[in-house]
Amino acid sequence: MDYKLSSSIEEIGATAWKGLEAPDFPFFDYPFLKALEDSGSIGGDSGWDPMYLQAWEDQGLAGVFCGYVKSHSYGEYIFDWEWARFFQRFQRPYYPKLLHAAPFTPATGPRVLTRAGADAKQLRQRLIQFSLQLAGKGRLSSDHALFIPEEECTAFQEQGFAIRHSLQYHWYNQDYRDFQDYLETFVGKRRRDIQRERQRVASHGLDLQLLTGADLKPEHGALMEQLYLTTAEKKEAIPYLSKGFFEQVFSTMPDRILFVVASRGDRPVAGALNFFKGRTLFGRYWGSLETYQDLHFELCYYQTIEFAIQRRLELFEAGAQGEHKIQRGFRPSLTRSAHRIMDPNLRGPIERFIQEERQMIQEAISELGRKSPFKNA
């Protein structure tokens with residue numbers, strides 16, 4: 001086995017990379033990562049310096065562990081600002097650190113990509129070990145892998161990582177025939193609430209389109225960029241994705257994009273961007289140029305749930321936060337991350353915090369479960 005390190009996905013190449021892409025996770029696909037690099041969303045002065053850890057065999061590329069050297073904690077959605085302050089109290093630098101995550105994307109998926117037929121267990125072990133070696137040699141404070149699937153937890157724990165829990169809201173397909181079949185699983189009040197929201201949106205007289213594949217045009221990417229920047233401005237948030245990102249992914253991976261657009265005549269007024277692959281749909285960004293009551297729920301939830309039912313998708317992850325999703329059929333769901341603090345003197349207090357936080361998260365999930373809108377909850 002030969003181990004290599006690259007700071008650009010182009011150095012590895014699309015052909016070699018494609019053999020490793022996960023069946024249900026689009027955010028480590030070559031065109032997505034290349035769009036991040038080409039647009040300058042990562043690399044340069046972004047504080048996200050790519051570090052692609054690779055394992056090569058005689059047959060070619062066998063595995064990749066996507067990593068980034070971070071000089072801050074923005075765009076991660078698993079918050080460790082208190083850990084940085086803890087380090088500061090002891091006059092120790094927390095940055096730079098090593099992070100394995102899909103940039104700006106709080107979505108669960110494999111962090112170690114492996115070629116079909118390769119020994120996935122061994123590759124995970126070797127690449128995680130390689131990561132820790134690099135963190136040590138580079139004098140990085142810590143090594144983190146965010147939103148890992150449950151089946152990867154053991155591999156990280158065996159290398160001394162602590163597993164941190166967090167909370168999201170996910171929609172699960174129960175073999176619904178259509179949206180009405182889905183609504184029939186709700187208690188009466190919640191079902192009527194959703195029907196009223198959809199009726200209000202219908203009363204606005206807007207045209208709604210679900211666009212994917214060949215229906216997506218360059219102007220749709222430009223529209224999504226405008227919506228993204230408008231939302232960032234309204235929320236006083238940092239626009240992590242740089243100019244050109246959306247147009248590039250709309251061009252290079254249209255078969256993995258669902259763009260839900262609301263228009264009045266020929267004038268777009270709002271849109272919601274989703275990615276999908278295999279059995280999973282991921283809600284990512286929303287924006288509006290005009291205000292219409294309940295339009296956010298229609299574009300971001302109801303239209304996408306209908307799409308998932310029609311395509312027989314099994315899971316819809318609608319992004320971070322949002323307890324309001326529960327009454328619309330999303331279930332409180334556990335997400336997992338792995339963390340290894342390199343300094344053993346500072347590791348203990350942080351791992352105790354992680355353990356206490358896990359208990360609080362479990363209690364929160366139990367409490368939120370009592371708010372379920374379903375009849376048989």
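**Close-up views of a predicted model**

**View 1. Helix α8 against helix α9.** α8 crosses α9 with right-handed geometry. The model shown here and in the other views is predicted. Helix α8 spans residues 218-235 and packs with α9 at an angle of about 145°. The two axes lie 8 Å apart. On the α8 side, the contact is made by Pro-218, His-220, Gly-221, Ala-222, Met-224, Glu-225 and Tyr-228. On the α9 side, Phe-246, Glu-247 and Phe-250 meet them. By class, the residues of this contact are six nonpolar, two polar and two charged.

**View 2. Helix α3 against helix α11.** Helix α3 covers residues 81-89, and helix α11 covers residues 344-369. They pack at an angle of about 150°, with 11 Å between their axes. Angles over 145 degrees count as roughly antiparallel, so α3 is roughly antiparallel to α11. The crossing of α3 past α11 is right-handed. From α3 come Trp-83, Phe-86 and Phe-87. From α11 come Leu-346, Pro-349, Ile-350, Phe-353 and Ile-354. The residues of this contact comprise eight nonpolar, no polar and no charged.

**View 3. The aromatic pair Phe-246 and Tyr-285.** The model holds 37 aromatic pairs. In one of them, Phe-246 and Tyr-285 sit edge-to-face. Their ring centres are 5.9 Å apart, and the planes stand at 90°. The pair links distant parts of the chain, 39 residues apart. Phe-246 belongs to helix α9 (residues 245-252), and Tyr-285 belongs to strand β11 (residues 280-288). Buried means under 20% relative accessible area, so Phe-246, at 1%, is buried. Tyr-285 is buried too, with a relative accessible area of 16%.

**View 4. The aromatic pair Phe-276 and Phe-307.** Phe-276 and Phe-307 form an edge-to-face pair. The centre-to-centre distance is 5.2 Å, with 70° between the planes. Distant parts of the chain are linked here: Phe-276 lies in strand β10 (residues 267-277) and Phe-307 in helix α10 (residues 295-311). The two residues are 31 residues apart. Both Phe-276 and Phe-307 are buried.

**View 5. An aromatic cluster.** Phe-25, Phe-27, Phe-28 and Phe-32 are among the members of one aromatic cluster. The cluster also includes Tyr-228, Phe-245, Phe-246, Phe-275, Phe-282 and Tyr-285. Two of its members, Tyr-228 and Phe-246, also take part in the contact of α8 with α9.

**View 6. Surroundings of Ala-318.** Ala-318 is found in the loop between β12 (315-317) and β13 (331-341). With a relative accessibility of 15%, Ala-318 counts as buried. Leaving aside neighbours within four places in sequence, Ala-318 is in contact with Tyr-169, Gly-283, Tyr-301, Lys-325 and Phe-330. The C-alpha atoms of Ala-318 and His-170 are separated by 6.5 Å. Along the chain, Ala-318 and His-170 are 148 residues apart.

**View 7. Glu-357 in helix α11.** Glu-357 lies in helix α11. Its relative accessible area is 14%, so Glu-357 is buried. Residues up to four places away in sequence are not counted here; beyond them, Glu-357 touches Arg-164 and His-165.

How values were computed:
Residues numbered from 1 in each chain as written. Predicted model: local features only at pLDDT ≥ 70, side-chain atom pairs only at ≥ 80, totals over all residues. Heavy atoms only, no water. Axes fitted to C-alpha atoms, helices over the stretch in contact; angles between N-to-C directions. Helix = DSSP H or I, 4+ residues; strand = E, 2+ residues; numbered from the N terminus. Parallel < 35°, antiparallel > 145°, perpendicular 65-115°, else oblique. Left-handed = near helix turned anticlockwise from the far one by under 90°. Contact = heavy atoms within 4.5 Å. Nonpolar A, V, L, I, M, F, W, Y, C, P; charged D, E, K, R; others polar. Phe/Tyr/Trp six-rings, centres within 6.5 Å; stacked < 30°, edge-to-face > 60°. Buried < 20%, exposed > 50% of the residue type's maximum accessible area, 1.4 Å probe, protein only.
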